[in-house]
Amino acid sequence: MELMDKRKIGVIFLVFLGLLLGLSFAKKGIYTQTLGINLVVVGDLKVSILAIRPKEGVVNWTDLPSNLSVKVYKTGVFYPVVSLWKLGQAEKDQFNYVTKSITLATGLSLPKVIWVGKETSPESLLRALGNPVAQTNLSWRDRILIRKDLTNFVSAKKIVEIELPNAAIEKVIEPDGKEIVTFNSILALWNKNKFLVEAILGEAISARINNVSEVRGMGILLSKELEAAGVRVVEVSSKDEPVK
């Protein structure tokens, strides 16, 4: 009788534990159909960024330059973006080393990262999302939902490859003769305005820019970006800049 009671108690405990795990799985995660997610995808030779917005039907894929150098969070030291993962592994903090360092460099909100192996691509990302031992700080709930939505976009061939603007990239020659690149302030400008620019590419429109930021020259930089996109800028002004 006592043995049967112990077995019943054990079964009840397992059922209760299963319910707790199920509730935790259902609640834990940040991915939604409305907000989507910005995800860092790390490979051996390349780092990419996936921006997925299911409700808007938008999936953007951006490859970062392979010779890009970014400032490592907590240290202030510049380091190759493709080596951030291994650097973080040495400190047993690879998720933060990657997401926070690239967030500082790009100005994008990048809370999650996943390691996909040799090559970074939507297909390798799908495989990693379904891999039980994949190295990532995504919850299982998020992995399942992202994989489901991304599969639909890949099948429909609706993934848009976004190239970073050349004006946002600075070339630097190191003492050993090796060329690296870094981001400048135009990248943050591009991040904030690229959807606006895309929306008016086909419109015959003139623009007047008033620089109210604290960054000197930002109005001129924005005018160049808009003009490159086909917009006619008729005036640029601010308290520190003459009217163009």
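Modeller: Let's start with the rings: a search of the whole structure turns up three aromatic pairs. One of them is Tyr73 with Tyr97.

Biologist: What makes Tyr73 and Tyr97 an edge-to-face pair?

Modeller: Rings of Phe, Tyr and Trp (its six-membered ring) pair if their centres lie within 6.5 Å; planes under 30 degrees apart are stacked, over 60 edge-to-face, and the rest tilted. Here the centres are 5.5 Å apart and the planes make 85°, so both tests are passed and the name is edge-to-face. The pair links distant parts of the chain, 24 residues apart: Tyr73 is in the loop between β4 (69-71) and β5 (78-80), while Tyr97 is in helix α3 (residues 94-106). Helices (H or I, at least four residues) and strands (E, at least two) are DSSP runs, numbered from the N terminus. Ring pairs also link Trp85, Phe95 and Trp115 into a cluster.

Biologist: How far can I trust the model, and how are residues counted?

Modeller: This is a predicted model, where local features need pLDDT of at least 70 and side-chain atom pairs count only at pLDDT 80 or more, though totals for chains, interfaces and linings use all residues. Residues are numbered from 1 along each chain as its sequence is written, and side-chain values use heavy atoms, with hydrogens and water left out.

Biologist: What does Thr120 touch?

Modeller: Contact means heavy atoms within 4.5 Å. Setting aside neighbours within four places in sequence, the contacts of Thr120 include Val41, Lys46, Trp61 and Asp63.

Biologist: How do you know that the side chains of Thr120 and Ser48 make a polar contact?

Modeller: A polar contact is a pair of N or O atoms within 3.5 Å; within protein, one must be able to donate a hydrogen and the other to accept it, and residues adjacent in sequence count only if both atoms are side-chain atoms. The distance between the side chains of Thr120 and Ser48 is 2.9 Å, so this pair meets the limit.

Biologist: What makes α4 mostly covered?

Modeller: Six of the eight residues in α4 are buried, among them Pro122, Leu125 and Leu129. The buried residues pack against β1 (37-43), β2 (47-53), β3 (58-63), β6, α5 and β7.

Biologist: How do you know that the charge of Arg143 sits over the ring of Trp140?

Modeller: The rule asks for NZ of Lys or CZ of Arg within 6 Å of the ring centre and within 35 degrees of the ring normal. The charged end of Arg143 is 3.9 Å from the centre of the Trp140 ring, and sits over that ring.

Biologist: Why point out the phi of Lys92 and Lys157?

Modeller: Most residues other than glycine have a negative phi. Lys92 has a positive phi near 55°, and Lys157 has one of about 55°. Lys92 lies in the loop between α2 (84-90) and α3; Lys157 lies in the loop between α5 (140-155) and β7 (159-161).

Biologist: Are Lys92 and Lys157 buried or exposed?

Modeller: Lys92 has 78% relative accessibility, so Lys92 counts as exposed. Lys157 is at 75%, so Lys157 is exposed too.

Terms used
Buried < 20%, exposed > 50% of the residue type's maximum accessible area, 1.4 Å probe, protein only.
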